[in-house]
Structures are given as C-alpha cells and as structure tokens.
Amino acid sequence: MNIFDIIGPVMIGPSSSHTAGAVRLGRVACKIMDNEPVTSVQIELSGSFARTYRGHGTDKALLAGIMGYRSDSEEIRNALEIAAGRGILYKFIPTDIPGAHPNTARIHVTGQKGKKCTVEGASIGGGNIRIDNINGMKVDFTGENNTILVLHYDKPGLVAAVTHMMAEKYRDANIGNFRLARPVKGGEAMMTIEIDGSVPQKMIEEMKTIPNVVNVLLIRAIEA
C-alpha cells in the first residue's frame with residue numbers, strides 16, 4: 001500500500017471514487033482507441049454512479065478521461081463543453097448492471113475512422129480502478145502496471161508461442177500476472193499480460209507477427 005491508497009490522488013472534483021477513478025476508467029478507453037479521435041460516446045452507469053453522476057461530476061470525469069485528460073486536469077470542469085466543441089456526441093444512461101460493483105461504468109466509444117471499443121470497469125476507491133471487460137471479453141487488470149492485451153484465435157500452442165518469445169528475447173520483461181479469456185472454444189480469445197517494469201515497443205510489434213495473433217495493444221501504466 002502506498003500513501004495514495006490512504007489519502008487518494010491529486011484530483012479535480014469532490015470524490016476520489018466518483019471523479020478520479022472515473023477519469024482513469026475513461027483513460028483506459030482512450031488508450032484502447034489508440035489515439036483515434038473520438039466521435040461518439042455512450043456510457044451506461046450502474047449503482048451509485050447512476051444515482052449521483054451529475055452531482056459528483058462523474059459524467060465530466062469519464063468524458064475527460066476518454067479525451068485523454070488526467071485526474072488533476074483543470075479541463076475536467078468543462079469536459080462536457082470541450083467534448084461538444086470537438087463534435088463528440090455523448091449520452092449517459094443510468095442502468096443496473098447485475099452483479100456489478102456499485103461504481104461501474106460501461107463505456108462504448110466510436111472513433112473517427114470507425115474503430116469501436118467497449119470497456120466495462122469499476123472505481124473501487126481511492127481513485128483506484130478495476131477493468132472487468134473489453135469488447136465482450138472478460139479481463140481483470142487495474143492499469144497500475146504496463147498491460148499487454150493480445151487478441152488472438154484460440155489455437156493450440158499460441159500461448160506458448162507468445163510466452164516463449166518473451167522468455168527468449170525479452171527476459172527483462174517479467175510477467176506479473178497472466179490471464180486468458182475465451183468466450184467460445186476455438187474462437188477469438190484475449191491474453192491479459194501485466195508486466196513489471198518497462199515494455200519495449202519492439203516486443204509488441206514482434207508479437208503481432210506471431211501466427212493467429214489478431215492484434216496486440218500495450219496499455220502503459222495509467223497515471224492518476
């Protein structure tokens with residue numbers, strides 16, 4: 001535990017869970033869009049997020065994060081106006097996501113070139129977050145560490161090919177956590193690999209060349 005787990009992050013807004021954590025959830029969606037300009041956003045809000053999002057500025061915080069701002073950015077206060085000025089269409093939908101954490105958002109983003117992503121995650125306190133689902137695939141990471149998402153076809157030997165390549169060529173990239181999600185056997189699957197320390201971009205590019213890998217995305221550790 002570090003000091004920020006106790007006192008919370010430096011931030012704009014009244015609540016670390018409803019503001020700072022919400023910004024970080026939005027920033028994950030921003031990173032998954034990989035800098036593609038956003039044209040529309042639809043956000044489902046569950047639990048206390050649904051009841052208090054206007055009063056606590058959760059709507060502004062989520063939009064600010066999606067646009068790439070951090071939790072200490074002055075722009076959070078005017079995020080709705082900034083989004084409108086950029087031509088971003090946005091909509092907030094209070095709902096009930098069964099079994100979800102009380103501070104859960106499901107973020108649907110569409111980019112200028114047609115790229116889309118859906119991110120579901122929760123603000124779990126003190127500005128900390130947990131990402132539970134990306135594009136319909138179950139994941140589990142916090143954004144505290146550099147995280148590699150490997151979208152691939154569920155084929156024998158694919159996991160071994162990825163981890164063997166890392167062990168042989170990038171021994172300094174220590175795997176802290178590894179998870180595999182596959183909604184349907186033999187279909188698309190996703191590896192979530194959390195790395196201790198830095199991740200060379202060359203390693204990401206090399207992973208993309210492995211047969212049956214569809215795409216590889218590096219989500220660098222998210223600052224508050």
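Let's start with the sheet: six strands make up an open sheet with mixed pairing, in the order S2-S1-S3-S4-S5-S6. Strands here are DSSP runs of E with at least two residues, helices are runs of H or I with at least four, and both are numbered from the N terminus. Two strands count as paired if DSSP finds at least two bridges between them. At the edges are strand S2 (89-95) and strand S6 (137-141), each of which pairs on one side only. From one strand to the next, the twist averages 20°, with angles taken from 0 to 180 degrees between the N-to-C directions of lines fitted to C-alpha atoms, for helices over the stretch in contact.

This is a predicted model, in which local features need pLDDT of at least 70 and side-chain atom pairs count only at pLDDT 80 or more, while totals for chains, interfaces and linings use all residues. Residues are numbered from 1 along each chain as its sequence is written, and side-chain values use heavy atoms, leaving out hydrogens and water.

Now look inside the sheet. Strand S3 (residues 103-111) and strand S4 (residues 116-125) are antiparallel partners over seven bridges, and Ala105 stands opposite Gly121 in S4. Helix H4 (residues 58-66) packs on the sheet, where it touches strand S1 (38-47), S2 and S3. The direction of H4 makes about 140° with that of S1.

Which residues touch the most other members of the largest nonpolar core? They are Val28, Ile43, Leu45, Ile107 and Ile131, in a core of 43 residues. Such a core is a set of buried Ala, Val, Leu, Ile, Met, Phe, Trp, Tyr and Cys residues joined through side-chain atoms within 4.5 Å, and buried means under 20% relative accessible area, with a 1.4 Å probe and protein chains only. Helix H2 (residues 16-32) gives the largest share of this core, six residues. Apart from it lies another core, of 19 residues, including Ile148 and Val216.

Cys117 counts as buried, at 2% relative accessibility. Its sulfur is 9.4 Å from the closest cysteine sulfur, in Cys30, which is too far for a bond. With a disulfide taken as a pair of cysteine sulfur atoms within 2.5 Å, the count is zero.

Finally, turn to helix H7 (residues 201-208), whose buried residues are Met203, Ile204, Glu206 and Met207. These residues lie on the same side of H7, because they cover an arc of only 165° around the axis, judged by the directions from the helix axis to the C-beta atoms. Their cover includes strand S7 (146-153), helix H6 (158-169) and strand S10 (213-219).

Methods
Buried < 20%, exposed > 50% of the residue type's maximum accessible area, 1.4 Å probe, protein only. Contact = heavy atoms within 4.5 Å.
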